[in-house]
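Please keep the sequence and the model in view while reading.

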Amino acid sequence: MNQILFIVGARGAGKTTVGKLLANELSYTFIDTDHHIQQTSNMTIADIVNQQGWLQFRQLESQALQKVSQKNRVVSTGGGIILSAENRQYMQQNGTVIYLQTSADILAERLMQQPENTQRPSLTGKSIVEEMEEVLAAREKLYCECANHIINAQLSPEKITTCVKEIILSRIIS
């Protein structure tokens, strides 16, 4: 079982939580692209965006994706990584892409429970519910387009981990 698992979805979908559990279950290494960017730049994502703009952040995100992609890794990606066609193609060609799908209401509820304003700046300046609705409307097709598997992110992180593990193991057996 030598592969890379990419976890995509909007912020608040549970990519990091599920990624860590999955990596532990599979004895893989866990990497979060946002965390990698922050470590290598010594800046928060909010600071990068404020000082250098979204375009520069998206370029750093694409570089981080390729840099951290190694066998036996679970890679939790930033919510907007799928905006780049090159990133979507890269993930499809180099691993298995899991999309954690849920509603804007659930995402907003989770984000309000654990605000991370220093890490992820607002994309629109609107309320979190409105922002999540707009983000999903703009990105849902892209998430689905690059995903090998779509998982209901309203399930518990443990249940999601079990589902993904079963999918991965069934692909090896078949």
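Helix axes here are lines fitted to C-alpha atoms over the stretch in contact, and angles between them run from 0 to 180 degrees between N-to-C directions. The model is a predicted one. The points below take the sheet, then a helix pair, then the salt bridges.

- Five strands form an open sheet in the order 2-3-1-4-5, and their pairing is parallel.
- Strand 2 (29–32) and strand 5 (149–152) are at the edges with a single partner strand each, so one side of each has no neighbour in the sheet.
- On average, neighbouring strands of this sheet are turned by 25° against each other, direction ignored.
- Strand 4 (residues 96–101) runs parallel to strand 1, and four bridges join the two.
- Within that pairing, Leu5 stands opposite Thr96 of strand 4, and Phe6 has Val97 of strand 4 as its bridge partner.
- Strand 4 is also joined to strand 5 by four bridges, again in a parallel run.
- Tyr99 stands opposite Ile150, which belongs to strand 5.
- Strand 4 is largely enclosed by the rest of the structure, because five of its six residues are buried.

**Helix 4 against helix 6**

- The axes of helix 4 and helix 6 come within 9 Å of each other and cross at roughly 25°.
- Angles under 35 degrees count as roughly parallel, and helix 4 and helix 6 are therefore roughly parallel to each other.
- The crossing of helix 4 past helix 6 is right-handed.
- Helix 4 contributes Arg88, Met91 and Gln92 to the contact, while helix 6 contributes Leu142, Glu145 and Cys146.

**Salt bridges**

- Side chains of opposite charge can pair when their charged atoms come close.
- The count of salt bridges comes to four; three of them, including the one between Arg11 and Glu131, are described here.

*Arg11 and Glu131*

- A salt bridge joins the side chains of Arg11 and Glu131, with 2.5 Å from N to O.
- Arg11 is in the loop between strand 1 (4–8) and helix 1 (15–26), whereas Glu131 is in helix 6 (residues 128–146), so the pair ties together parts 120 residues apart in sequence.
- Arg11 is buried, its relative accessible area being 15%.
- Glu131 also counts as buried, at 1% relative accessibility.

*Arg58 and Glu61*

- Glu61 and Arg58 form a salt bridge whose closest N and O atoms are 2.9 Å apart.
- Both residues lie in helix 3 (residues 45–68), and because Glu61 and Arg58 are three residues apart there, about one helical turn separates them.
- Glu61 and Arg58 are both buried.

*Arg88 and Glu145*

- The side chains of Glu145 and Arg88 meet in a salt bridge at 3.0 Å, N to O.
- This pair links distant parts of the chain, with Glu145 in helix 6 and Arg88 in helix 4 (residues 85–94), 57 residues apart.
- Arg88 and Glu145 are also among the residues that make the contact between helix 4 and helix 6.

Key: Residues are numbered from 1 along each chain as its sequence is written. This is a predicted model: local features need pLDDT of at least 70, side-chain atom pairs count only at pLDDT 80 or more; totals for chains, interfaces and linings use all residues. Side-chain values use heavy atoms; hydrogens and water are left out. Buried means under 20% relative accessible area, exposed over 50%, partly exposed in between (1.4 Å probe, protein chains only). Two strands pair if DSSP finds at least two bridges between them. Angles under 35 degrees count as roughly parallel, over 145 as roughly antiparallel, 65 to 115 as roughly perpendicular and the rest as oblique. A crossing is left-handed if the near helix is turned anticlockwise from the far one by less than a right angle, and right-handed if clockwise. Contact means heavy atoms within 4.5 Å.
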